[in-house]
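Please examine the sequence and the structure shown below. The paragraphs that follow lead from the whole chain to selected details.

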Amino acid sequence: MNKINILFILFIWFLFINCHKCNDYLSMEFDCNPTFATIQNDSNISSISFGSCSDENSAQPILSDVVNLKPDLFIYLGDNIYADANKCSDFFKSYSKLACKQEFKNLVAQIPTIATWDDHDYGKNDGGIEYNLKTQSKHIFLKFWNEPKDSDRYKHEGIYNSKYFGDDNHKVQVILLDTRTFRSSLKGGRNSYTPDYSINKTMLGDEQWKWLEAELLKPAKVRIIASSTQFGIEHNGWEAWANFPKEQQKMADLIASTKANGVIFISGDVHYAELSKQTFNNTYPFYDCTSSGITNIEYNPRKNKYRLDNAVSKINYGNLNINWESNPISIEYKIYTINNEVLFQHLITLDEISFKP
């Protein structure tokens, strides 16, 4: 047998093995199936908690603190597990470990919970459009997070989605971005990425951008845009919107063109918490409330000239509390650590994050 034939056989065998890594994922089950609390869309909400980076192999006591705070909603911002999967069974093993944790079961049973993903639960560290199990990963993600079968998330590529809560006078829009499925390749090496100004590079992809524009045109008092990676920071070599400056500006331009008032970003990924404030041309200031991580800690936060005060290198979760009775309406961002100790707080008024008449 010649060398070409051997290589061909090896190639076919490689395709066969990889095609069968996930051929039965639709019938696979998790070891535990928690009960998920529900919330009615017409419910007025004022307290929204969020967090990211929860290693399923570690204890997660801060989830009990979230339950004790009793927010109206909890948002998982990604790296909800650390699967980094080469086959579908890896996802099921990781999700099963999380699902069987008592602190997680208590959280989702008592606090309505929604989620987006980041790289490790997407399936590949720093991964983007090139990841070859993204379709399978999506369906496993939606299955785990108890996504309703009639959800739009099943009808399009990726997992982006939006939720609306409250009556017209208390309307909160939560936009869950997918910053993985469509994201172009990064420029440079890991932890030392460089800005890429190519007009052909994208964070969200054409269809998600079109969808986002339509969402921002819908009425809402407060808009929370959940991005797994940070939006409002300066470039620092790590994964962030700042690696694609034109996409970062595109977001600012879209908010400006739609006249979407009340936008606040929330993000995770970096294993510390902070608040960033950045203003683009023709916009009001954009606040990016970063909370990370539920289990993981980075003791050397990267530079960020847009950071207000100091970064928090402790186990943490974030909370936005909307005071509907204040004039103007205000939103307070707090960073909590174990035992609900407040490590940082900052008040944002709705007037500050609205276009002037």
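Two residues are in contact when heavy atoms of theirs lie within 4.5 Å. By this criterion Cys32 touches Ala99 and Cys100, leaving aside residues up to four places away in sequence. Cys32 itself lies in the loop between helix H1 (3-19) and strand E1. Lys187 provides a contrast in position: it is 155 residues from Cys32 in sequence, and the two C-alpha atoms are 40 Å apart in space.

The model shown here is predicted. Its chain contains eight helices and 14 strands. For 357 residues, a compact globule would have a radius of gyration near 21 Å, and the 20 Å of this chain agrees with that value. Along the principal axes, the C-alpha atoms fill a box of roughly 80 × 45 × 40 Å. Of the 357 residues, 58% are buried.

The surface and the charges may be considered next. The accessible surface comes to about 15400 Å², and carbon and sulfur atoms account for 50% of this surface. There are 37 positive and 43 negative side chains, and the centres of these two sets lie 4 Å apart.

Which residues of helix H2 (residues 62-69) are buried? They are Ile62, Leu63, Asp65, Val66 and Val67. An α-helix has 3.6 residues a turn, so residues three or four places apart point the same way. The cover over the buried residues of H2 includes strands E1 (47-51), E2 (73-76), E12 (317-323) and E13 (330-337), together with helix H4 (102-110). After H2 comes Lys70, whose phi is positive, near 60 degrees.

A search of the whole structure finds 30 aromatic pairs. A residue counts as buried under 20% relative accessible area. Phe30, at 6% relative accessibility, is therefore buried, and Phe144, at 3%, is buried as well. Phe74 and Tyr76 also form an edge-to-face pair, with 5.0 Å between centres and 75 degrees between planes. Phe74 has a relative accessible area of 0% and is buried; Tyr76, at 0% relative accessibility, counts as buried too.

The last topic is backbone geometry. Most residues other than glycine have a negative phi, and most peptide bonds are trans. Asp79 has a positive phi, near 50 degrees, and is found in the loop between E2 and helix H3 (88-99). With a relative accessible area of 1%, Asp79 is buried. Asp126 likewise has a positive phi, near 60 degrees, and belongs to the loop between helix H5 (119-122) and H6. Its relative accessible area of 12% makes Asp126 buried.

Where are cis peptide bonds found? One joins Ser292 and Gly293, with omega about 5 degrees, and Gly293 is in the loop between strand E11 (286-290) and E12. Another joins Asn327 and Pro328, where omega is also about 5 degrees. Pro328 is in the loop between E12 and E13.

How values were computed. Residues numbered from 1 in each chain as written. Predicted model: local features only at pLDDT ≥ 70, side-chain atom pairs only at ≥ 80, totals over all residues. Heavy atoms only, no water. Helix = DSSP H or I, 4+ residues; strand = E, 2+ residues; numbered from the N terminus. Rg over C-alpha atoms; globule rule 2.2 N^0.38 Å. Buried < 20%, exposed > 50% of the residue type's maximum accessible area, 1.4 Å probe, protein only. Areas by Shrake-Rupley, 256 points an atom, 1.4 Å probe, with all protein chains shown as cover. Lys, Arg positive; Asp, Glu negative; His and termini not counted. Charge placed at Lys NZ, Arg CZ, Asp CG, Glu CD. Phe/Tyr/Trp six-rings, centres within 6.5 Å; stacked < 30°, edge-to-face > 60°.
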